[in-house]
Amino acid sequence: MMRSPHAFTVAVRRGGRPEAEIAILKQTLRPLGERFPFLKKKIIRGSAALFEAMWLGIRALNFSANEALEEKDGKKEEIGPLAMAGTMIVALAFALGLFLALPLLLTNLLGAQYAAFKGNLLFNLTDGAIRVALFLGYVSGISFMKDIRRVFQYHGAEHKVIGAFEAGLPLTVENARGRSCIHPRCGTSFLMVVIVLSILMFSMIPGSWPLWAKAASRVVLLPLVAGLAYEFIKYSAKKRGNQLVDMLILPGLLLQRLTTRDPSDDQIEVAIRAMDEALAMEPR
């Protein structure tokens with residue numbers, strides 16, 4: 001999947017086979033910030049970009065899932081948009097439950113057993129530490145799954161092709177192969193920044209509040225956390241080489257070693273096709 005300022009493209013191998021032809025989904029975009037200027041304001045634009053990314057991600061998943069299905073008796077049963085939307089809602093609920101509700105519940109149980117955990121600072125630091133541990137454990141665990149490893153390889157292919165493009169190189173398999181799988185503006189780095197910032201932001205919530213109030217306040221603060229994380233990612237991309245900035249973004253870069261893998265040449269070809277199509281759709 002590739003996203004340019006005014007275009008969105010997805011390239012997949014039909015049936016998921018390396019030798020199969022590449023199917024393309026193309027869509028011209030008018031970003032939310034262009035339609036609603038107030039969404040261009042700092043902090044707010046981060047939440048808008050996140051919503052847009054989630055919506056495009058659902059479209060990409062729906063397209064790629066349907067293209068991966070094999071035909072039977074000359075027909076292919078496609079996954080409908082409602083079924084895909086339902087799947088995404090369940091996945092979102094699972095993520096909120098695992099990475100937001102469960103750490104809070106476990107920390108609250110500790111607070112009920114040990115008076116020291118009722119303090120505001122220790123309570124929120126423990127909640128954050130459990131959230132980080134669960135996130136890293138989850139990503140590490142799914143990385144052993146065969147299908148997820150292929151997803152992570154395609155993730156690496158995207159980064160390599162973007163790296164070749166940003167270096168001003170022709171988009172060929174040879175040029176992309178020599179680029180890094182790690183990219184500072186990756187969504188993985190964004191997630192790590194969100195987790196770290198959430199620990200800082202949630203530390204302002206009194207540890208003495210009832211469980212329901214703590215949970216509700218975390219949900220309310222999520223758009224602010226996402227907006228601040230977005231601004232940090234944009235700022236850090238402009239300040240590469242600054243020792244302090246490089247140190248701050250290091251955890252996100254290290255996390256990408258879990259979420260990317262070295263791709264095969266045919267996977268790089270798919271990423272190049274997606275990039276070429278996106279660039280061709282940009283106004284000249």
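Is T188 buried or exposed? With a relative accessibility of 7%, T188 counts as buried, where buried means under 20% relative accessible area, exposed over 50% and partly exposed in between (1.4 Å probe, protein chains only). The close-ups below come from a predicted model, in which local features need pLDDT of at least 70, side-chain atom pairs count only at pLDDT 80 or more, and totals for chains, interfaces and linings use all residues. Residues are numbered from 1 along each chain as its sequence is written, and side-chain values use heavy atoms, with hydrogens and water left out.

View A. Look for the side chain of T259, which makes a polar contact with the side chain of T188 at 3.1 Å. A polar contact is a pair of N or O atoms within 3.5 Å; within protein, one must be able to donate a hydrogen and the other to accept it, and residues adjacent in sequence count only if both atoms are side-chain atoms.

**View B. Aromatic pairs around Y138.** Searching the whole structure gives three aromatic pairs; rings of Phe, Tyr and Trp (its six-membered ring) pair if their centres lie within 6.5 Å, and planes under 30 degrees apart count as stacked, over 60 as edge-to-face and the rest as tilted. One of them, F94 with Y138, is tilted, at 6.2 Å centre to centre and 50 degrees between the planes. This pair joins helix α3 to helix α4 (residues 120–142), with F94 and Y138 44 residues apart. F94 is partly exposed at 47% relative accessible area, and Y138 is partly exposed at 33%. The rings of F99 and Y138 have centres 5.7 Å apart and planes at 80 degrees, so this pair is edge-to-face. F99, in helix α3, lies 39 residues from Y138 in helix α4, and F99 counts as buried at 17% relative accessibility. Ring pairs link F94, F99, F135 and Y138 into a cluster.

**View C. A nonpolar patch on the surface.** Here you can find L50, M54, L92 and L96, which together have about 330 Å² of accessible area, from the Shrake-Rupley method with a 1.4 Å probe, where for residues only the protein chains shown count as cover. Helices α2 (44–68) and α3 (81–113) each give two or more residues to the patch. L50, found in helix α2, is partly exposed at 32% relative accessible area. Patches are made of residues with over 30% relative accessible area and no salt bridge: like charges are joined within 9 Å, nonpolar side chains (Val, Leu, Ile, Met, Phe, Trp, Tyr) within 5 Å. A salt bridge is a side-chain nitrogen of Lys or Arg within 4 Å of a carboxyl oxygen of Asp or Glu.

Definitions and conventions. Helices (H or I, at least four residues) and strands (E, at least two) are DSSP runs, numbered from the N terminus.
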